Amino acid sequence: MAADPDRDRYFMRLAIREARKGLGRTSPNPCVGAVVVKNGKVVAKGYHHRAGTPHAEVHALEAAGTEARGATLYVTLEPCNHQGRTPPCTEKVLASGILRVVVGMNDPNPIVKGGGNAYLQSRGLAVVSGVLSEECRALNRPFVKHITTGRPWVIMKSGQSLDGRIATRTGHSQWITQAPARGQSHLWRDRVDAILVGIDTVLADNPSLTARPGGGKGHDPLRVVLDSTLRLPRTARILNQDSKARTLVFCGNKAAPDHRRVLVEAGAEVVEVKDHPHGGLDLAEILDDLGRREINSLLVEGGGRIHAAFLKSGLYDQACIFVAPLFLGAEGLPVVGELGLDRIEQGKRFTVERVRRLGPDVMIEGIFGE
């Protein structure tokens with residue numbers, strides 16, 4: 001069958017749609033979708049559900065059965081050619097009778113990198129790579145960063161007034177944004193591996209940091225609290241609720257050993273890290289620790305000091321800002337604390353990728369460093 005770029009893009013979009021079904025469930029693996037097409041018709045679809053289970057190609061090929069013989073396989077990520085938690089997908093592709101494979105993006109994993117495509121080509125299959133590669137890569141930015149740097153993809157998230165305030169001067173903050181924006185915020189929680197807040201946010205709001213997309217039960221990510229001197233109370237909701245999510249507390253060397261034992265007995269894990277020379281905890285060490293725990297994505301819902309610390313250190317990869325048509329005044333609490341900037345060009349700018357209306361509020365998404 002002659003190559004048709006428009007047709008390949010069409011079916012790759014279907015594979016991307018499949019891959020999205022695994023968002024928030026596959027770490028430390030990527031989200032991958034696959035579609036089997038024969039005579040211009042989709043005969044099977046599949047996606048990767050979670051680490052340790054069959055990959056997208058396996059689900060699609062098993063669903064296709066004998067219809068896979070002579071067909072084309074569309075897959076968002078290069079098929080693996082190494083033994084990991086599951087067998088190599090390339091062998092499954094060869095055994096199925098697939099004649100052509102269309103790949104969205106090459107696997108950035110140093111173990112794989114190009115090996116799957118090359119292996120299939122060496123066995124006589126036609127392989128086309130790079131179809132909708134940017135869309136496929138955007139879907140797996142957290143995986144790409146983690147597999148290449150060892151650190152999670154870090155997302156700055158805030159709900160704020162139009163004048164950049166997250167609370168009034170008294171600390172009252174519920175609710176700045178309305179229900180549609182808050183629902184979208186829970187979708188973000190549902191799709192990440194961990195949520196991070198500072199101890200001031202816990203003391204002020206006593207959040208549960210669980211995911212309730214659509215008002216229902218979602219995937220509760222790891223809860224991470226930065227608490228230099230261990231002020232987290234034993235009664236905090238993140239330690240006392242019906243959730244399978246774990247709570248990880250990072251502290252400094254001045255934390256009280258007695259209170260550490262109290263928190264551990266309450267079910268939290270407490271990890272001591274270095275203090276940053278300019279105050280607070282060493283965020284780089286914290287990200288390294290989370291990376292070793294196979295955390296691909298981290299949503300930071302901190303207050304002004306936490307956001308300022310991440311921005312000053314250049315550790316944010318993405319922004320998700322919910323803005324309400326509301327003014328709270330200069331005495332309100334700012335979304336970002338002091339950055340010590342003298343000139344506009346020193347500002348922490350990001351590239352806007354999407355602006356979306358959510359009821360009366362607006363969600364702005366963007367990428368830092370692009």
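Predicted model: local features only at pLDDT ≥ 70, side-chain atom pairs only at ≥ 80, totals over all residues.
Five strands make up an open sheet of mixed pairing, arranged in the order E2-E1-E3-E4-E5. The edge positions are taken by strand E2 (41-47) and strand E5 (126-129). Each of these two has a single partner strand, so one side of each is left without a neighbour in the sheet. On average, and with direction ignored, neighbouring strands of this sheet are turned by 15 degrees against each other. In general, strands of a sheet pair through backbone hydrogen bonds, in either a parallel or an antiparallel manner.

Val-103 is placed opposite Ser-129 of E5. Helix H4, which comprises residues 115-122, lies across both E4 and E5. The direction of helix H4 makes an angle of about 155 degrees with E5.

Gly-218 is located in the loop that links helix H8 (199-205) with strand E9 (222-226). The relative accessibility of Gly-218 is 18%, and this residue therefore counts as buried, the cut-off being under 20%. When neighbours within four places in sequence are left aside, the contacts of Gly-218 are Asp-190, Ala-211 and Pro-213. Of these contacts, Asp-190 is 28 residues from Gly-218 along the chain, and the C-alpha atoms of the two residues are separated by 5.7 Å.

Terms used:
Residues numbered from 1 in each chain as written. Heavy atoms only, no water. Helix = DSSP H or I, 4+ residues; strand = E, 2+ residues; numbered from the N terminus. Buried < 20%, exposed > 50% of the residue type's maximum accessible area, 1.4 Å probe, protein only. Contact = heavy atoms within 4.5 Å. Pairing = 2+ DSSP bridges. Axes fitted to C-alpha atoms, helices over the stretch in contact; angles between N-to-C directions.
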